Amino acid sequence: MKPVGHLARRMAEIEPFHVMALLARARELEARGRSVIHMEIGEPDFPTPGPVREAGIRALREGGVFYTPAMGLPELRRAIAGYYRSRYGVEVPPSRIIVTTGASGALMLACAALVNPGNEVLLADPGYPANRHFVRVMEGVPHPVPVDAATGYQLAAGHLERHWGQRTAAALVATPSNPTGTLIPTEHLSAMAEVARERGGTLIVDEIYHGLVYEGEYTTALSFADDVFVINSFSKYFNMTGWRLGWMVVPERYVSELDKLAQNLYLAAPTPAQRAALAAFEPETLAILEARVKEFKARRDYLVPALRGLGFDIPVCRRARSTAMPAAGS
Ligand SMILES: Cc1ncc(COP(=O)(O)O)c(C=O)c1O
């Protein structure tokens, strides 16, 4: 029988995000009373910190749950700018910050703003599996570049130089990475921004796992470049996965373009989530989050030698700069 209804050709190249099926199966087992340790999806097992939940409840009680501006609540954009100041000592004008529906919303906006049909985007392989699909739905061509332990399973400037072609528009990296948890050293990241700049392209830096780093110095790409796209989220460090809230910092000249895109594609990020997130940067919340980071570190410190004891080779952990977040599956 012929299939009924038209389906866009690109759909043949969009795979499911397989980890969601595993999660659904795990939840099904839990509903039947089984105890499940979740190592399938990159989601903290801690609940959203109390002060954030309280702020969300207050927002709902007060009732003003209307659309916010597409770029986000002005006070939340200011609070995010304040976080860059206090955490990294970096000044970011709130006008360059756009509040999004998670890092996922930011990845969609970034690809929509930067990728022409046929443009390539360089991606580390292995990497976060959804990235290639953000590129593909914009009619771009994901260009996976195999990476290994020599560069901590990350792209480096040399990869960009070798793989950047006529049609390349951008390179997208995550530091710390999913699935390996490794950081890109600041000097490497800065060299990559330089290669992208020289080629007239853009470096997109996904910093969603920032905050979940246990040793070594690291900083945001915004500390050395204002022409990169930097993505972050309330999902991981802030333990707010289900609130669907993130942000992106973009170069000044893209601000009004992204405002247009957000207005059309999703109007605004969820208002209760934005109001709740205002409490995410309060000292009380940050103290809760830092205690949780210590717990993640203790788990990592237990697991790495235990896995080695079972015969697993974990080459990048010798570098002592990694996160312990369970990685989202591929
Ligand atoms: C590297 C990376 N980027 C982006 C995301 C999307 O996260 P969210 O949309 O919840 O902020 C994830 C989720 O696991 C991720 O691992």
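User: On which sides of β1 do Ile97, Val99, Ile98 and Thr100 lie, and are they buried or exposed?

Analyst: In this predicted model, β1 is covered on both faces, with Ile97 and Val99 buried on one side and Ile98 and Thr100 buried on the other.

User: Where does β1 stand in the sheet, and in what order do the strands run?

Analyst: The open sheet is formed by 7 strands in the order β1-β7-β6-β5-β4-β2-β3, and the pairing is mixed. Its edge strands are β1 (97-100) and β3 (141-146), each of which pairs on one side only, and from one strand to the next the twist averages 25°. The partner of β1 is β7 (residues 246-249), which pairs with β1 in the antiparallel sense over 4 bridges; within β7, Gly246 stands opposite Thr100.

User: Which residues have the most contacts inside the largest nonpolar core?

Analyst: The general idea is that nonpolar side chains in soluble globular proteins tend to be buried together. Here the largest nonpolar core has 76 residues, and those with the most contacts inside it are Ala110, Ala171, Ile231 and Met248. Helix α4 supplies the largest share of this core, 8 residues.

User: Which helix gives the most to the shell around the ligand, and which residues come nearest?

Analyst: Helix α4 (residues 102-114) gives the most to that shell, with 3 residues. Of the 14 residues around the ligand, Gly102, Ala103, Ser104, Ser233 and Ser235 come nearest, and by class the shell has 5 nonpolar, 8 polar and 1 charged residues.

User: Turning to β5, which strands does helix α7 lie across, and at what angle to β5 does the helix run?

Analyst: Helix α7 (residues 186-198) lies across β4 (168-174) and β5 (202-206), and the helix runs at about 145° to β5.

User: Which residues is Thr202 in contact with?

Analyst: Thr202 lies in strand β5, and once neighbours within four places in sequence are left aside, Thr202 is in contact with Leu114, Ala169, Ala170, Ala196 and Phe229. The C-alpha atoms of Thr202 and Met192, which are 10 residues apart along the chain, are separated by 9.7 Å.

Terms used: Residues numbered from 1 in each chain as written. Predicted model: local features only at pLDDT ≥ 70, side-chain atom pairs only at ≥ 80, totals over all residues. Pairing = 2+ DSSP bridges. Helix = DSSP H or I, 4+ residues; strand = E, 2+ residues; numbered from the N terminus. Axes fitted to C-alpha atoms, helices over the stretch in contact; angles between N-to-C directions. Contact = placed C-beta atoms within 7 Å. Near = placed C-beta within 6 Å. Nonpolar A, V, L, I, M, F, W, Y, C, P; charged D, E, K, R; others polar. Buried ≥ 20, exposed ≤ 12 C-beta atoms within 10 Å, placed from the backbone. Core = buried A, V, L, I, M, F, W, Y, C linked by C-beta atoms within 7 Å.
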